[in-house]
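Student: I've got a new model open on my screen. Can you walk me through it?

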Amino acid sequence: IAAEARWKLAEIYFSRKDFVNAAAYYQKIFSDVKSPSVFKEKALLGLFHCDYETKEMGRARKRFEAAKEAVDQSRYEPDIRYLLAALLIEDKNYALALDHLDAVLASPKKSVALEEKAILKKSEVLSLVGQKESAVS
């Protein structure tokens with residue numbers, strides 16, 4: 001099956017909240033497509049969305065480390081880092097979450113909407129760790 005067809009199947013499973021099957025299709029695309037492509041990048045983002053939806057912090061961190069180069073080269077790098085930061089916050093790993101949020105904010109690839117979400121999320125984390133003055137500055 002071509003990458004585009006697999007991606008469409010993955011999206012169908014994801015929309016049905018069948019994250020196991022969605023992740024399987026995303027993984028197949030990510031593994032099988034050798035050269036950089038839009039579907040490989042979308043599959044990588046899809047994998048992190050599945051990890052986020054299933055609250056699989058351990059899997060997301062391992063995936064990030066294993067695919068760091070692909071993440072860094074992806075147009076979706078700030079989106080992936082934002083999802084990872086959100087999982088880290090739920091895991092109460094605030095320092096690492098702040099590192100990822102700072103990377104989102106520093107990225108030239110971020111959208112305005114993602115930048116706003118990252119600023120709010122960073123403010124939330126700084127408030128949680130008692131740095132309210134930093135949160136509003």
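Tutor: We'll start with the overall fold, then go through some aromatic rings and one arginine. Keep in mind that this is a predicted model.

Student: How many helices and strands does the protein have?

Tutor: Nine helices and zero strands. Along the sequence the pattern reads α-α-α-α-α-α-α-α-α.

Student: How compact is the protein?

Tutor: It is as compact as a globular protein of its length, because the radius of gyration is 15 Å, close to the 14 Å from the globule rule for 137 residues. The C-alpha trace spans about 55 × 30 × 25 Å along its principal axes.

Student: What share of the residues count as buried?

Tutor: 39% of the 137 residues. The protein exposes about 7,600 Å², and carbon and sulfur atoms supply 53% of that.

Student: Switching to aromatics. How many pairs are there?

Tutor: Three aromatic pairs. One of them is W7 with F39, a tilted pair at 6.0 Å centre to centre, with 55° between the planes.

Student: Which parts does that pair tie together?

Tutor: W7 lies in helix α1 (residues 3-15) and F39 in helix α3 (residues 38-53), so the pair links parts 32 residues apart in sequence.

Student: Is W7 buried or exposed?

Tutor: Buried, because its relative accessible area is 19% and the cut-off for buried is under 20%.

Student: Where else does a lysine sit over a ring?

Tutor: At Y52. The charged end of K55 is over that ring, 4.1 Å from its centre.

Student: Back to ring pairs. Why do F14 and F19 count as edge-to-face?

Tutor: Their planes are at 70°, and over 60 degrees counts as edge-to-face. The ring centres are 5.1 Å apart. F19 is buried, with a relative accessible area of 13%.

Student: Now the arginine. Where is R81 found?

Tutor: In helix α6, residues 77-90. R81 counts as buried, at 11% relative accessibility.

Student: What does the side chain of R81 make a polar contact with?

Tutor: The side chain of E77, at 2.7 Å.

Terms used
Residues numbered from 1 in each chain as written. Predicted model: local features only at pLDDT ≥ 70, side-chain atom pairs only at ≥ 80, totals over all residues. Heavy atoms only, no water. Helix = DSSP H or I, 4+ residues; strand = E, 2+ residues; numbered from the N terminus. Buried < 20%, exposed > 50% of the residue type's maximum accessible area, 1.4 Å probe, protein only. Polar contact = N/O pair within 3.5 Å; in protein donor to acceptor, adjacent residues only side chain to side chain. Phe/Tyr/Trp six-rings, centres within 6.5 Å; stacked < 30°, edge-to-face > 60°. Lys NZ or Arg CZ within 6 Å of the ring centre and 35° of its normal. Rg over C-alpha atoms; globule rule 2.2 N^0.38 Å. Areas by Shrake-Rupley, 256 points an atom, 1.4 Å probe, with all protein chains shown as cover.
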